[in-house]
Amino acid sequence: MMAAVHESVLEAIGGTPLIRLARLGAGIAAPIYAKAEFLNIGGSVKDRAALSMVLAAERDGLLKPGGTIVEATSGNTGIGLAVVGRQRGYRVIAGVADKTAPEKSDILRAYGAEVVLAPTAVPAEDPRHLFNVVQRLAEEIPGAWLANQYDNLANPDAHIRTTGPEIWEQTGGRVTHFVAGVGTGGTITGTGTYLKEASGGSVTVIGADPESSTYGGGDGSPWYVESIGHYLHPDTVEDRQPQALRSEVIDSYERIPDRESLLTARRLSREEGLLAGPSSGAAVAAALRVARRLGPDDLVVVVLPDSGRSYLSKVHSDAWMRAWGFLEEGDTVRPLLDATGPLVVVEAGSTVAEALEVLRGAPGGLAPVVLARAARPFGVAATEVVGSVSWSALTAALSDGAAKPDDPVAALLEPALPTVGVGQSAAEARAALGASGEEREAVLVLVDGRVAGVLTREVLR
Ligand SMILES: Cc1ncc(COP(=O)(O)O)c(C=O)c1O
């Protein structure tokens, strides 16, 4: 098929191919087709939402010549807004979460956007929170417009007008199940709405959600698949659902553990020739689960939102996968981990006396200090560790009068212990003890990005 000629990149957004996942779907009766959104001009599904939001803002008089586009973005919406915004003559400022892959910020700058980094691991009320940072910028800069993809209805509308009709036409109306990850909810809401209407309500819409995200029923504790799911900091008072998400469009969620998402993303590139990001891995893992329950007359469509090129230093790096405990091969610290006692953690709000009580059971009298949560069905993510405490430092502080038993332990925190993945070797763990320049007494071992145990210098000897 000859590709069309376009007068500008803006006309080249959308119209992505639908590609059968023949290898991953081998042995499954229902065919699975992937919508390759990473082939969009800016590299992701978000180009569609960006174009739709900018055109709507111009139409509504919110964005005028010489104006500035501001947005909080995991990178991809920023890229879409940079492509569209710069083409239409605007300044573009992207607020990016500090946990985002660094390649994404570099791309934003390459397209001419300005990048402001902000922490996401703070409560929504915190003035440093990404959303509050971009809100302030939009108020302070004259002529600035906050795209607000989470609440902007032009975001799902892009998918009602383009992604949905494309899938319906490409499958000749045979699609029966639609699977997508849920970030703002724009993709699943818009595409799902169109497909349900077009099919007279018979298309089933399934959200792919990280296991601990709140959308699918998790507690909102952290996960490692970027750009999808809904996180809840333990100190957040008022949780808001995005308006771009209409939950009644979603029939059910598949809750996918990080390891399954990441390993599926790696299989996609190796077995299908589709180098995609981790959220594509989550979506395809969900699509595989769904398709296994279906028959040959069903047809599953799954969205691959972006390319794996933005994650070469993360999911597509063996070293990264091992360091976070997602890959275990060869000579590893697994036997040492299995031989240590169960993990004990000190909650950040504890007193010195409470911390000492916990430390009685800790290997080497050392424990990580973690953000407090009511319960921990998914364990402690490495990103929730705020420091460490030791029996020796606390008892010394008590005996020389520097602290009293009822004082908050927070005042006596030491830096977080170094981490190794369960897939790393004992030699790598010993090297990690001194990696910060200061010799530490132990390392934390991560399994699936979660703290599974403490290995002391003694044990690693
Ligand atoms: C890589 C990636 N996957 C998934 C999503 C989720 O899409 P949506 O916001 O439409 O729910 C996004 C959105 O930013 C994304 O960048």
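In this structure, 12 residues of domain 1 are in contact with 14 residues of domain 3, two residues being in contact if their C-beta atoms, placed from the backbone, lie within 7 Å. The model is predicted, so local features need pLDDT of at least 70 and side-chain atom pairs count only at pLDDT 80 or more, whereas totals for chains, interfaces and linings use all residues. Residues are numbered from 1 along each chain as its sequence is written.

**Domains and their contact**

- The protein chain is assigned domain 1 (9-41 + 155-318), domain 2 (46-146) and domain 3 (324-460); such bounds come from an automatic or database domain assignment.
- Taken over C-alpha atoms, the centres of domain 1 and domain 3 are 36 Å apart.
- On the side of domain 1 that touches domain 3, helix α7 (residues 258-272) provides the largest share, three residues.
- Helices (H or I, at least four residues) and strands (E, at least two) are DSSP runs, numbered from the N terminus.
- That side of domain 1 consists of five nonpolar, two polar and five charged residues.
- In this classification, Ala, Val, Leu, Ile, Met, Phe, Trp, Tyr, Cys and Pro count as nonpolar, Asp, Glu, Lys and Arg as charged, and the others, Gly among them, as polar.

**The shell around the ligand**

- Which residues come nearest to the ligand? Of the 19 residues around the ligand, these are G183, T184, T187, S279 and P305; a residue is near a molecule or strand if its C-beta atom, placed from the backbone, lies within 6 Å of it.
- Domain 1 and domain 2 each contribute at least three residues to this shell.
- Helices α2 (76-87) and α6 (186-198) each supply at least two residues of the shell, and the largest share, three residues, comes from α6.
- By class, the shell holds four nonpolar, 13 polar and two charged residues.

**The helix pair α7 and α8**

- The axes of α7 and helix α8 (residues 278-292) come within 7 Å and cross at roughly 100 degrees. Axes are lines fitted to C-alpha atoms, for helices over the stretch in contact, and angles run from 0 to 180 degrees between N-to-C directions.
- From α7, the contact is made by E260, S261, L262, T264, A265 and L268, and from α8 by P278, S280, G281, A282, V284 and A285.
- The residues of this contact divide into seven nonpolar, four polar and one charged.

**The four-stranded sheet**

- Four strands form an open sheet in the order β5-β4-β3-β6, with parallel pairing; two strands pair if DSSP finds at least two bridges between them.
- Its edge strands, β5 (114-118) and β6 (144-146), each pair on one side only.
- From one strand to the next, the twist averages 20 degrees.
- Strand β3 (residues 68-73) runs parallel to strand β4 (residues 91-97) and is joined to β4 by six bridges; I69 stands opposite V92 in β4.
- Helix α2 packs on the sheet and touches β3 and β4, with a direction at about 165 degrees to that of β3.
- Helix α4 (residues 130-140) lies across β3, β4, β5 and β6, and runs at about 175 degrees to β3.

**The three-stranded sheet**

- A further open sheet has the order β11-β12-β13, with mixed pairing.
- The edge strands here are β11 (346-347) and β13 (385-390), each of which pairs on one side only.
- Two bridges join β11 to strand β12 (residues 366-370), and the two strands run parallel; V346 stands opposite V369 in β12.
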